[in-house]
Amino acid sequence: MSHSFEKMNENLTLVLGGATSGKSVFAEDLVQRIGGKRIYLATAQAFDDEMRAKISAHIAQRGPDWTTIEAPLDIVSPLKARQSDEVVLLDCATLWLTNQLLAEHDIAAQTAAFLSAISTCPCPVVVVSNEVGQGIVPDNAMARQFRAAQGALNQALAAQSTCTVFVTAGLPQILKGALPA
């Protein structure tokens, strides 16, 4: 598969895994090791009390050394606003893609804008994303559309990244490159 953003980006690390695999905790630890002002681009939306509580718990767990930016749809603007002394954790590309799909946005155009914004971001970016291709073929068209779009997004992010990590049961496996220092 060819992508228009196959040029590797020395600032991009992709952290993949299944749901509750430990990928977010791994990514948070990685961002802390990289150093710099920590920026958390949050793509989740709180539609119910359970999700509001989950988001609040995550913010408290990260602590005051993180700046959280709510970015359920527009992640391009916050990426473009970054400074070289920062490090960004975007958690997660899967929820962002879901939000785009549900808003009936042009997925190809949004993905291209996202990849372009990452490629020009002046600071390290760690992107968390779900690996959704290891299960059964979904039984409905929207789920199949999502799975195909998520697979394409993950492939494009991995092509652009200098480091790609797969996390299972909290254990990281380096698929490409080496962890940023």
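**Ground rules**

I number residues from 1 along each chain as its sequence is written, and my side-chain values use heavy atoms, with hydrogens and water left out. Since I am working with a predicted model, local features need pLDDT of at least 70 and side-chain atom pairs count only at pLDDT 80 or more, while totals for chains, interfaces and linings use all residues.

**Entry 1: overall layout**

I started with the secondary structure and found six helices and seven strands. Helices (H or I, at least four residues) and strands (E, at least two) are DSSP runs, numbered from the N terminus. From that end the order reads β-α-β-α-β-α-β-α-α-β-α-β-β. The radius of gyration is 15 Å, close to the 16 Å from the globule rule for 181 residues, so the protein is as compact as a globular protein of that length. For the record, this radius is taken over C-alpha atoms, and the rule is 2.2 Å times the number of residues to the power 0.38. Along the principal axes, the C-alpha atoms fill a box of roughly 45 × 40 × 35 Å. I also noted that 41% of the 181 residues count as buried (under 20% relative accessible area; exposed is over 50%, partly exposed in between, with a 1.4 Å probe and protein chains only).

**Entry 2: the largest pocket**

Next I looked up the largest pocket, whose volume is about 580 Å³. Of its 25 lining residues, Ser24, Tyr40, Lys54, His58 and Asp91 are the closest to the centre. My pocket search runs on a 1 Å grid over the protein atoms alone: a pocket is an open set of points with protein on both sides within 12 Å along at least five of seven lines, whereas a cavity is a set where a 1.4 Å probe fits but cannot get out; lining residues have an atom within 4 Å of a point. Grid points are joined across faces, edges and corners, and the volume is the space filled by probe spheres set on the points.

Which element gives the largest share of the lining? It is α2, with seven residues. At least two residues each come from α1 (23–34), β2 (37–42), α2 (49–62) and β3 (66–70). By type, I get 10 nonpolar, nine polar and six charged residues (Ala, Val, Leu, Ile, Met, Phe, Trp, Tyr, Cys and Pro are nonpolar; Asp, Glu, Lys and Arg charged; the others, Gly among them, polar).

**Entry 3: aromatic contacts**

I found two aromatic pairs. Rings of Phe, Tyr and Trp (its six-membered ring) pair if their centres lie within 6.5 Å; planes under 30 degrees apart are stacked, over 60 edge-to-face, the rest tilted.

Tyr40 and Trp66 are edge-to-face, at 6.1 Å centre to centre and 75° between the planes. Tyr40 is in strand β2 and Trp66 in strand β3, so this pair ties together parts 26 residues apart in sequence. Tyr40 is buried at 7% relative accessibility, and Trp66 is buried at 8%.

Trp96 and Phe114 have ring centres 5.0 Å apart and planes at 55°, so I logged them as tilted. Trp96 is buried at 1%, as is Phe114 at 0%.

Back at Tyr40, the charged end of Arg62 sits over the ring, 3.4 Å from its centre (the criterion is NZ of Lys or CZ of Arg within 6 Å of the ring centre and within 35 degrees of the ring normal).
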